[in-house]
Amino acid sequence: GLGLFINSKFGTHALSQNILVERNTFTQNGVSGDGHDHNSYIEAVNVLYQYNFYDHLVTGAPGASVKDRSAGNVFRYNWIVASEGHAIQIPESQGGLGYIDQLPSYRQTYIYGNVIYNGKVGASRIIRYGGDQGIYSSYRQGTLYFYNNTVINEGDKYSVPGALRWSTSLFLLPDSGEVGQVTIKETVDCRNNIIYNQASTLGALPSTLELMSTDLTGTINMTNNWVSPNTIDMHAYYNIPINLGKVNHVNTFLGNNGVNNPNFNNYATQDYTLSAQSNAINKGTVLIGGALNYPVLEQYVKPLTSKPRVVVGPIDLGAYENIFVAPTSVSGINLTPASISLGMGQTASLLATVLPANASNKNIVFSSNNTGVATVSPLGIVTGVSGGAAIITVTTQDGNYTATSQISVKQTVVVELNKLG
């Protein structure tokens with residue numbers, strides 16, 4: 001059955017509000033073959049979900065792990081395992097229709113800082129936003145802010161026993177089969193996420209990951225996301241040649257230089273923190289709109305808790321900030337003095353300054369183009385050898401930046417005087 005059920009009815013007469021769902025484990029709820037039961041099912045005003053673990057429903061239950069018809073709903077710092085219905089379903093108000101759906105907060109939903117895992121027996125549509133009753137006038141018609149989440153999709157397309165999903169959509173918005181031929185207003189602002197897709201079974205082909213399902217005018221704005229290569233924008237609807245939905249991309253990172261590896265610290269143990277090799281480090285961008293009121297300040301820690309998210313530089317993509325501080329690259333090098341004149345056997349010092357002052361790798365190498373005239377030590381000590389000119393070059397290990405100093409060595413003349421007998 002239902003794990004947690006909170007309802008609202010008759011406008012303000014039976015209104016539930018200011019609900020905190022915190023540090024709970026939801027597991028083995030639902031009813032096999034019945035899509036009406038979920039881990040939690042809430043319709044209220046102002047609902048905050050944080051530090052929870054939502055497990056899969058019982059086998060064969062087609063409900064959602066989380067279903068919420070509320071206004072002012074915020075999902076942050078949770079670990080959510082998708083059930084066969086959805087991981088998170090945000091439909092229209094029902095019992096509170098006429099009051100809840102008139103609130104400004106009904107038009108904005110915030111999902112951030114979560115780990116969302118969709119396994120082999122999971123959802124074909126991970127996040128559903130808009131409604132489910134078919135009367136579009138009461139649908140959300142607003143913006144889903146989806147940011148700094150780590151989404152893991154493991155699905156098998158075919159070739160192995162139990163393969164269930166040819167394709168998987170990250171977002172399902174209202175479509176014509178549900179609401180008819182209307183212009184829908186639902187928009188997803190999707191930014192700073194890691195969206196990773198791979199097969200669940202070794203040797204199987206992975207389920208094709210699609211960013212959006214709708215044949216209507218829904219929009220997803222993708223900004224600064226890490227996305228597995230071969231992910232496609234839109235679900236292809238059968239016998240619908242023109243898909244009106246639109247996915248806009250700004251700074252979408254398709255893998256790590258094309259490789260499907262975000263460099264988690266330990267994928268096998270579900271440690272989705274980032275290693276130092278990840279190209280998702282420092283790749284985030286600023287929030288916009290209503291999300292500015294909900295900055296990412298924490299990150300989920302197993303079990304049922306969190307810790308502060310300490311951001312150094314631009315925020316990392318995904319639900320976790322890496323403890324690794326990205327190195328400061330060398331931008332140049334200076335060498336003084338620019339020229340030196342000395343005699344044979346004499347020495348002089350060169351001073352190399354790596355730029356910027358806080359560069360992480362300040363290793364340098366000195367060299368002489370004419371060691372018959374002048375040599376240089378690893379510390380920049382120049383020694384005159386014989387008369388002539390030489391150029392001393394210093395080279396940075398990071399970036400191979402160079403600077404030079406002109407060396408002039410005076411030839412020493414030795415005069416021998418014969419003694420008179």
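Before you click on anything, one term: a residue is called buried when its relative accessible area is under 20%, and exposed when that value is over 50%. Also keep in mind that you are looking at a predicted model.

**Stop 1: Tyr272 and its stacking partner**

Select Tyr272. Its relative accessibility is 2%, so Tyr272 counts as buried. How far apart are the ring centres of Trp79 and Tyr272? They sit 5.7 Å from each other, and the planes make an angle of 20°, so this pair is stacked. Colour the strands and you'll find Trp79 in β9 and Tyr272 in β24 (residues 271-274), so the pair ties together parts that are 193 residues apart in sequence.

**Stop 2: the aromatic cluster**

Keep those two rings and select Tyr196, Trp226, Phe264, Tyr267 and Tyr300 as well. Together with Trp79 and Tyr272, they make up one aromatic cluster.

**Stop 3**

Over the whole model, the count of aromatic pairs comes to 18. For another one, pick Tyr77 and Tyr112: their rings are edge-to-face, at 5.6 Å centre to centre and 85° between the planes. Tyr77 is in the loop between β8 (71-76) and β9 (79-81), while Tyr112 is in strand β11 (residues 108-112), so this pair links parts that are 35 residues apart in sequence. Are these two buried or exposed? Tyr77 is buried, at 1% relative accessible area, and Tyr112 is buried as well, at 0%.

**Stop 4: out to the surface**

You'll find Trp166 in the loop between β15 (150-154) and β16 (167-172). Its relative accessibility is 54%, so Trp166 counts as exposed.

**Stop 5: a sheet of 3 strands**

Last stop: select residues 347-349, 374-376 and 381-384. Here is an open sheet with the strand order β29-β33-β32 and antiparallel pairing. β29 (347-349) and β32 (374-376) stand at the edges with a single partner strand each, so one side of each has no neighbour in the sheet. On average, neighbouring strands of this sheet are turned by 25° against each other, direction ignored. Zoom in on β32 and β33 (residues 381-384), which are joined by 3 bridges. To see a bridge partner, click Ala374, then look across to Gly384 in β33.

Definitions and conventions
Residues numbered from 1 in each chain as written. Predicted model: local features only at pLDDT ≥ 70, side-chain atom pairs only at ≥ 80, totals over all residues. Heavy atoms only, no water. Pairing = 2+ DSSP bridges. Helix = DSSP H or I, 4+ residues; strand = E, 2+ residues; numbered from the N terminus. Axes fitted to C-alpha atoms, helices over the stretch in contact; angles between N-to-C directions. Buried < 20%, exposed > 50% of the residue type's maximum accessible area, 1.4 Å probe, protein only. Phe/Tyr/Trp six-rings, centres within 6.5 Å; stacked < 30°, edge-to-face > 60°.
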